[in-house]
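Trainee: Please take me through one part of this model at close range. Then set that part against the rest of the chain.

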Amino acid sequence: MEENITEIVTSLVFQLAVIIFAVRIVGKLAVKIGIPSVLGELVAGIIIGPYALGGIALPGFAHGIFPLNSPSLAVSPELYALSSLASIILLFSSGIETDLTLFLKYSVTGGVIGFGGVAVSFLFGDFCSMLMLGAGFMDVRSLFLGIMSTATSVGITARILSDKKKMDSPEGVTILAAAVFDDVLGIVLLAVVMGIVSAISGGATISGTKIEMIAFKAFSIWLVFTALCIIFSKYIARFVKLFGGTYDFTIASLGVALILAGVFEKQGLAMIIGAYTTGLALSGTEIAPVIQERIHGLYKFFVPIFFAVMGMSVNLGALMNKEVLIFGAVYTAAAIIAKIIGCGGPSLALGFNLKGALRIGMGMIPRGEVALIIAGIGLTAGIVNQELFGVVILMTLVTTIFAPPLLSVTLKIKGRGTRKEIKTAEAQQFVWDFKDAEIADLVIDMFLQDLRSEGFYVQMMNISDGLSQARRGNISLSITETDSIVTIETDKEDMGFVKAEIYEVLLCLNKSLQTLEALHAAGSFQTSLISGENRFEPALMKLLNKNAICCDLKGETKKDILDELVTLLEKTGRITDHNLVLSDVLAREDIMSTGLEKGIAIPHAKTDGVKDICIAIGIKKEGIDFSPLDGEPSKVFIIIVSPKKGESPQMQIISAVSSILRKKNAYEKILAARTPDEVLEIIKTVSPKK
């Protein structure tokens, strides 16, 4: 009996909820131990999948939350459909992120090295199948294992190159360019193999001539559609912009990708090829950076679902099989050696020495998203079984985990990687410390916006690490932001342009700050802070601690009072560095005094010296000069500090405190209080009741 549609949807809702939390928890744990989050998401899928915890019977789920659907399709068709949509979004995003100009500029060097890596990897993967399975070279299993060995995960490599300050080195630029060719050539090969699979499934007899015809047809379809999309990319961009604002035309662009994905699938090719082609075409248009930014939310939701579903398809029993482990070890070794030979070998003929060739080969080792997508297609189509799917998962895990440290070791080897000295190839590094992370954020945002207006292609290589890359013609910039420090790497001859651009940004920012300075001097915002009509923040009462209240401060100067208040904060148990907190509070006072009118002062700051937001109250009945607005001595001090990073309602708490001090003579009562308990009782009395 067919399931009720409501039951199917309800089951899907529960499954998505479990996936959302599982991929984020395991993904974050993976990042903490230095493993890419994508592998954490894959492992999360293995853990919660039908072959593991997902198949355990629970109340309301007789066969588990993730019951096994079939050996070829482990999850439900509904969940698989969502993962297929996720793969389209993933490849569309990959296409958008591809720098078409860079692709064409390095078409010779990157093309030769990329082609070498793909060709050798394909052959090694295919030969592994012939050796381990006794299959023929043109067996579809051999072809699929060959294709899955070709991909390169450029994001992982880019992160290592950035960390080692080698993004714009000859090896770095070559790796990034070759990785783009790897993806494109892998997509073309997939198109060819999918054409062969389609012919076989239709009952056609496959001969050498037939294979050549299928390959020609598949390649032609891909080439024609790609060429047409690139030629008419500006018209496509104009069309999607007709739908409205940035979010609207981003969704419309994804709609175009879905149409082309469907067309390719109807032609017997994979949907992801159409999605990648659409993204590649739009990557050279003015709307590409906007699409890349706006689609990020969809990407963050859907793509982890894809990796989780791939993990759910892993049969742990089959994966732990001795034969599978041996096959996986052989296949993984072949995949690593193939990239070193296939990419490193040609680089020797292109001006690189052995060091440079080894670095390029190591940089091309990590496999990632594309390999998993192709593996999923093969599993669903019945081309590869659970054992072969496990082999691919092992290869992806091992190459992704071990490639970064291997690349790091080769980059530490002293000496250049080219036969001849390239004077401007090694990027010059210039560092600006803006002393404030928020100012650095603002400067970088304005700088990248100006670069786009100058015709640069700006690519966020690693958003979480604040890593961006900008290219236009022969100019290449690598921009890294770490807290308040901005580092820009480029050739010496281009640094003049960079400095001029930063100078213009600072002038523009300074003009804006001068406008704000007039308001600052007037004190209009600070005056509004002491209004009695501010909204009450319930968190305030939970933060108050009688141990952090003193009714008789001893200090005679502003610094002494602040030192005493920070000592009170330590009694909350949330202070980790007294001196750092005091320094940050004093720095805030240097900007403008936090002394308000009528004897009230609310010193505050954000600092790395606390674990969480905390409050302390101090009273000095005779008062001291705290440089308030009305010139009167300050007598009641409420200090509030919170961490620089993370969420905390600091300004809401400050607003609530000032509101309470203006109600029902609260200030006078607090000033007259003799014990911390009295102070707490007064605040509770005048606080709004729930």
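Mentor: Start with D584, which sits in helix α25 (residues 578–591). Helices here are DSSP runs of H or I of at least four residues, strands are E runs of at least two, and the numbering starts from the N terminus. This is a predicted model, so local features need pLDDT of at least 70, side-chain atom pairs count only at pLDDT 80 or more, and totals for chains, interfaces and linings use all residues. Residues are numbered from 1 along each chain as its sequence is written, and side-chain values use heavy atoms, with hydrogens and water left out.

D584 counts as buried because its relative accessibility is 17%. The cut-offs are under 20% relative accessible area for buried and over 50% for exposed, with partly exposed in between (1.4 Å probe, protein chains only). Its contacts, leaving aside neighbours within four places in sequence, are A605, K606, T607, D608 and K644. A contact means heavy atoms within 4.5 Å.

Stay on helix α25 and move to E589. K558 forms a salt bridge with E589, with 3.1 Å between the closest N and O atoms. This pair links distant parts of the chain: K558 is in helix α24 and E589 in helix α25, 31 residues apart. A salt bridge is a side-chain nitrogen of Lys or Arg within 4 Å of a carboxyl oxygen of Asp or Glu. E589 has 7% relative accessibility, so E589 counts as buried.

Next, the pair R574 and D612. Their side chains meet in a salt bridge at 4.0 Å, N to O. This pair also links distant parts of the chain: R574 lies in the loop between α24 and α25, D612 in the loop between β8 (604–607) and β9, and 38 residues separate them. R574 is partly exposed because its relative accessible area is 26%. D612 is partly exposed too, at 36% relative accessibility.

Salt bridges that share partners also join E556, K620 and E622 into one network. Within this group, the side chains of E556 and K620 meet at 3.4 Å, N to O. The two residues come from distant parts of the chain, 64 residues apart: E556 is in the loop between β6 (549–550) and α24 (558–570), and K620 is in strand β9 (residues 614–624). E556 counts as exposed because its relative accessibility is 56%. K620 counts as buried, at 2%. The structure holds 7 salt bridges.

S627 is found in the loop between β9 and β10 (634–643). Its phi is near 55°, a positive value in a residue other than glycine. S627 is partly exposed, at 43% relative accessibility.

Now the wider chain. The secondary structure comes to 28 helices and 10 strands. Of the 690 residues, 51% count as buried. Among contacts with a separation of 6 or more, 74% are between residues 24 or more positions apart. Y80 is in helix α3 (residues 77–97). Not counting residues up to four places away in sequence, Y80 touches L73, V75, G376 and T380. Y80 counts as partly exposed because its relative accessibility is 21%.

Last, the surface. The accessible surface of the chain comes to about 31,300 Å², with 61% belonging to carbon and sulfur atoms. Accessible areas come from the Shrake-Rupley method with a 1.4 Å probe, and for residues only the protein chains shown count as cover.

There are charged patches to look at. R24, K28, K32 and K300 gather in a patch of positive charge. Helix α1 (residues 5–32) gives the largest share of this patch, 3 residues. R24 is in helix α1 and is partly exposed, at 33% relative accessible area. D436, E438, D441 and D445 gather in a patch of negative charge. D441 lies in helix α20 (residues 437–453) and is partly exposed, at 36% relative accessibility.

Patches take residues with over 30% relative accessible area and no salt bridge, joining like charges within 9 Å and nonpolar side chains (Val, Leu, Ile, Met, Phe, Trp, Tyr) within 5 Å. Lys and Arg count as positive, Asp and Glu as negative, while His and the chain ends are not counted. The place of a charge is taken as NZ of Lys, CZ of Arg, CG of Asp or CD of Glu.
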